Structure formats: structure tokens, C-alpha cells
Amino acid sequence: MTPLVSIIMGSTSDLPVMEKAARQLEALQIPFEMLALSAHRTPDEVATFASEAEGRGVKVIIAAAGMAAHLCGVVASMTPLPVIGVPIKSSLDGMDALLAIVQMPPGIPVATVAIDGAQNAALLAAQMLALGDEALMKRLKEFKESLKEKVVRANKDLSEIKFQYKVN
């Protein structure tokens, strides 16, 4: 299988967050790879990865970074592929990473999700891929429908909770 999505992270300390992206891609049956790459500690490997990703068949890159959070922007500067940044809450409640990722200079876009929002990064990648894949689009629609069903079930459960002054 050729990976369509590449999940990269500054270190494996980001794995507990990024596993959420992996689980979502797995559920949607999207081939992916996971790599640890550091913009500061392994810059040559980052450059090789970014310059070769398109040729290997990767379509979207999900990049996670905390603290200085340069990985997302560095990779985006070296590839024409879309990059989705996941700010990791590692210091300053993740605000430092969020601001570092979202403040890209003109010409170097990085789509950015919420702090620790790896699942949404995977869903955004899936939505990009689904534009050219009807079967994946169907799976995404089914997933969205399941979200609706969860809320409907939650409201049913809430309706069964009794309080003296609760009117619904």
C-alpha cells in the first residue's frame, strides 16, 4: 500500500495526540505512514522527506509540533502538498505552538486545527482526498451521519434524567 497521508511529529512524545489521527484514518480505510521528524534536530531528514513525499504518492501531510512548532511551516515551504498543522499542548497551554503554526508568511499556507486536534486533522485530510474518491466520500458521509446519531441518542438519554423542576 502507498501512503496517501503522512503523519509526522517532532518526537514520539506527540504520539498520544497523533494516535487520534491514525485511528481516524484507519477507520476511514486511508493508507498512512507515521514518522518522527524534527525541524531542529533532523533538518536534513525533514528536507528529504518534504522533497520526496509527492513522488512517493503522499497527497496530504499532517504535521504535529509543540513549543517552537516549526515543523509544519518548514515542511510546507518545501512541498506543494497540503500541510495540516496540529499544535501540541506541550508548554504555554499549546498557545505558543498554535500561534507558530497559524502565523505562516504569504505563500506558505498551513491549514491549522485546534490544539491537540489530531482527529480533525485526519478528517480534513480525508475530506481533501474524498474530492477525487467517491467511495471515501461515502465513508465520510456515513461518519458525519454517525455524529448526528450520537447527539440524537444523547438527547434521548438526557430526556430520561428526572429532576423535580426539569420540564423536558
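Buried means under 20% relative accessible area, exposed means over 50%, and partly exposed is in between, using a 1.4 Å probe and protein chains only. By that scale Asp116 counts as partly exposed, at 25% relative accessibility. Welcome to this structure, which is a predicted model: local features need pLDDT of at least 70, side-chain atom pairs count only at pLDDT 80 or more, and totals for chains, interfaces and linings use all residues. Residues are numbered from 1 along each chain as its sequence is written, and side-chain values use heavy atoms, with hydrogens and water left out. Helices (H or I, at least four residues) and strands (E, at least two) are DSSP runs, numbered from the N terminus.

- Asp116 is not a glycine, yet has a positive phi of about 60°.
- You will find Asp116 in the loop between β5 (111-112) and α5 (118-130).
- Asp93, also a residue other than glycine, has a positive phi near 55°.
- Asp93 sits in the loop between β4 and α4, and with 55% relative accessibility Asp93 counts as exposed.

**Salt bridges**

- Side chains of opposite charge can pair when their charged atoms come close.
- How many salt bridges (a side-chain nitrogen of Lys or Arg within 4 Å of a carboxyl oxygen of Asp or Glu) does a search of the whole structure find? The search finds five.
- One of them joins Asp93 to Lys89, with 4.0 Å between the closest N and O atoms. Lys89 is partly exposed, at a relative accessible area of 49%.
- Another links the side chains of Glu142 and Lys138, at 3.0 Å from N to O. These two residues are about one helical turn apart, because they stand four residues from each other in helix α6 (residues 134-159).
- Glu142 is partly exposed at 45%, whereas Lys138 counts as exposed at 52% relative accessibility.
- Lys156 and Glu160 also form a salt bridge, their closest N and O atoms lying 2.7 Å apart. Glu160 is partly exposed, with a relative accessible area of 46%.

**The largest pocket**

- The largest pocket holds about 320 Å³ of space.
- Of the 20 residues lining the largest pocket, Gly10, Asp14, Arg41, Gly66 and Met67 are the closest to its centre.
- Which elements give two or more residues to the lining of the largest pocket? They are α1 (15-27) and β3 (60-66).
- By class, the lining has 10 nonpolar, eight polar and two charged residues. Here Ala, Val, Leu, Ile, Met, Phe, Trp, Tyr, Cys and Pro count as nonpolar, Asp, Glu, Lys and Arg as charged, and the others, Gly among them, as polar.
- A pocket is found on a 1 Å grid over the protein atoms alone, as an open set of points where a 1.4 Å probe fits, with protein on both sides within 12 Å along at least five of seven lines; lining residues have an atom within 4 Å of a point.
- Grid points are joined across faces, edges and corners, and the volume is the space filled by probe spheres set on the points.

**Ser38 and its surroundings**

- Ser38 lies in the loop between β2 (32-36) and α2 (43-52), and is buried at 7% relative accessible area.
- Not counting residues up to four places away in sequence, Ser38 touches Gly10, Pro43 and Val46; contact means heavy atoms within 4.5 Å.
- A polar atom of the Ser38 side chain lies 2.9 Å from the backbone nitrogen of Arg41.
- Ser38 and Ala65 are 27 residues apart along the chain, and their C-alpha atoms are separated by 8.7 Å.

**Buried residues elsewhere**

- Helix α3 (residues 71-78) has Leu71, Cys72, Gly73, Val75 and Ala76 buried. The buried residues of α3 pack against β1 (5-9), α2, β3, β4 (83-88) and α4 (95-102).
- Gln24, in helix α1, is buried with a relative accessible area of 6%. Leaving out residues up to four places away in sequence, Gln24 touches Gln119, Ala122, Leu123 and Phe143.
- Beyond its neighbours within four places in sequence, Ile30 is in contact with residues including Leu4, Val5, Ala126 and Leu136.

Note on methods:
Polar contact = N/O pair within 3.5 Å; in protein donor to acceptor, adjacent residues only side chain to side chain.
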